[in-house]
Amino acid sequence: MISMFELLKIGIGPSSSHTVGPMIATRRFVTELNETVAAERVDRIVVELFGSLALTGIGHRTDRAAVLGLCGEHPRTVDPESIDVRFEKIRSSGTLRWLGKHELDFQLKRDLVFRGDTFLPEHPNGIRCTALSVEGGTLLRKTYLSVGGGFVVEDKELAGSSNPLSREQDVPFPFHNAAELLSLCKQHELTISELVQQNELAIGTAAEIEQQLEDIWQAMKHSIETGCHREGVLPGGLNLRRRAPGIYQKLMMHLRSGIDNVAANLAIDPLMNIDWVTLFALAVNEENAAGGRVVTAPTNGAAGVIPAVLAFYDRFTPNVSRQAIHTFLRTAAAIGMLYKRNASLSAAEMGCQGEVGVACSMAAAGLAAVMGGTPAQIENAAEIGMEHNLGLTCDPVAGLVQVPCIERNAMGAVKAINAARLAVLYGDGEHCVSLDKVIETMRQTGVDMQSKYKETSLGGLAVNVINC
């Protein structure tokens, strides 16, 4: 099974497939190079970006991610504040230290090549790394595919008969689709969260799992908190001013004016809790757009949906326990596993239905679980969350993860709350369309969708809204 910590992982913005993935790929390349080739034989390293990675690479900071990966940095541990300074130093000096050890002549215009006119047959997000000798011979060449959510595989792995994404473990309750998941829960009298926990215990200890879940939740809260207070203009050229701090200040004014509790606020404006959800999502995605640290959940483009819904639950529900937070995350991850296995998390393959749509489905499931929903009601909530995101395109203006991406996370979070309430408060688990059918429909829709609507910035808003 895919571990929930492969779906929910701490990284940097603005994109899991275009920033996190390329950094992991180039770091993986120089690590293998260091293990197989004497450093003194390496004269040049060339990185080629193909398809969607090239077309939206500058806006998605793919260039910086790929270069910092060559330096040995990892998305989880790299200092986001240092990336631009280090990248500019490499640009101006024409040198870098690959894997942080071996100095190398590296000319950005020569050695970082954007091939937006070429899509590799295996996947729209291709990256090829080549190490050359002084004589010009190839010392090592690898082609990687950034397949969404920060997952990276080699082209030969994806073309093989085995599934390289499964990270197969000997788990007690493997499931391949929602029907199997529900059947296992019924047969063994387990909740979805409990079943996921039992599978994770085949990989790590209970203490390790709990600590990782807590780290994820703390990282989510930190991105919300930072986004609510960090003012200014987002990078990239659209000159979008961060809105989260202003919304936060307006919401807090109600508290400062003597209305000192949530219930009193809602008595005045019953929809104010939705404004908090919007705030949480905007805060996270503005941090993501600025290249800050967020949780890939399950992608960076959709990083605000799950934190916003979970923070909504935490804020507006009395006495929320740590275990309830973990139940939400485990349940959401179980749904994400189904999309990863049976469709894709990549906007370059599926459009934004594969990012915000999946995050909405996951968040709806997580919220349904902590609302006391049965496995059938949770599956229903997840199905509703995706059914009404089918066909959602990915058409970022100027190739930046800003318009419409930031607001789209807020919409996805609100939709997830609606889905959970509809399934749990007003449903009994019985419904016409199954989650498995919706996942397959999403996959088929993504295959049929024209490539210009799949993270290329060649269609949709990207061409109709040139200057915001």
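Here is a walk through some of the helices, loops and side chains of this structure.

Keep in mind that this is a predicted model, in which local features need pLDDT of at least 70, side-chain atom pairs count only at pLDDT 80 or more, and totals for chains, interfaces and linings use all residues. Residues are numbered from 1 along each chain as its sequence is written, and side-chain values use heavy atoms, with hydrogens and water left out.

Let's start with the rings. The structure has two aromatic pairs. Rings of Phe, Tyr and Trp (its six-membered ring) count as a pair if their centres lie within 6.5 Å; planes under 30 degrees apart are called stacked, over 60 edge-to-face, and the rest tilted. Helices here (H or I, at least four residues) and strands (E, at least two) are DSSP runs, numbered from the N terminus. An α-helix has 3.6 residues a turn, so residues three or four places apart point the same way. Tryptophan 276 and phenylalanine 280 are each buried, where buried means under 20% relative accessible area, exposed means over 50%, and partly exposed lies in between (1.4 Å probe, protein chains only).

Phenylalanine 312 and phenylalanine 316 make another tilted pair, with 5.5 Å from centre to centre and 45° between the planes. These two also lie four residues apart, about one turn, but in helix H14 (residues 305-316). Phenylalanine 312 has a relative accessible area of 14%, so it counts as buried.

For that, NZ of Lys or CZ of Arg must be within 6 Å of the ring centre and within 35 degrees of the ring normal. Arginine 315 lies over the face of tryptophan 276, 3.6 Å from the ring centre. Likewise, the charged end of lysine 9 sits over the ring of phenylalanine 151, at 4.4 Å from its centre.

Now for how helices pack. Two packed helices are described by the angle between their axes and the distance between the axes. The axes are lines fitted to C-alpha atoms, for helices over the stretch in contact, and angles run from 0 to 180 degrees between N-to-C directions. Helix H17 (residues 356-370) packs against helix H18 (residues 375-387) at about 155°, with the axes 7 Å apart. That is why the two count as roughly antiparallel; the cut-offs are under 35 degrees for roughly parallel, over 145 for roughly antiparallel, 65 to 115 for roughly perpendicular, and oblique for the rest. Where do they touch? On the H17 side the contact includes Gly357, Val358 and Ala364, and on the H18 side Ile378, Ala381 and Met386 are among the residues involved. Contact means heavy atoms within 4.5 Å.

H10 and H14 pack at about 95°, with axes 10 Å apart. This makes H10 roughly perpendicular to H14. Here Trp217, Met220 and Ile224 of H10 meet Ile306, Pro307, Leu310, Ala311 and Asp314 of H14.

How covered is helix H9 (residues 192-200)? Mostly: seven of its nine residues are buried. Leu195, Val196 and Asn199 are among them. The cover over the buried residues of H9 includes helix H1 (4-7), helix H8 (178-188), helix H10 (206-229), helix H15 (322-342) and H18.

The loops hold some details as well. Most residues other than glycine have a negative phi, and most peptide bonds are trans. Alanine 297 and proline 298, however, are joined by a cis peptide bond, with omega about -5°; proline 298 is in the loop between strand E9 (293-296) and H14. Another cis bond joins valine 403 and proline 404, with omega about 5°. Leucine 99 is not a glycine, yet has a positive phi of about 60°, and asparagine 319 has one of about 55°. Asparagine 319 sits in the loop between H14 and H15 and, with a relative accessible area of 77%, is exposed.

Finally, look at valine 78, in the loop between helix H4 (62-70) and helix H5 (83-93). Is valine 78 buried or exposed? At 0% relative accessibility, valine 78 is buried. Leaving out residues up to four places away in sequence, valine 78 touches Ile12, Met23, Glu73, Ile83 and Arg293.
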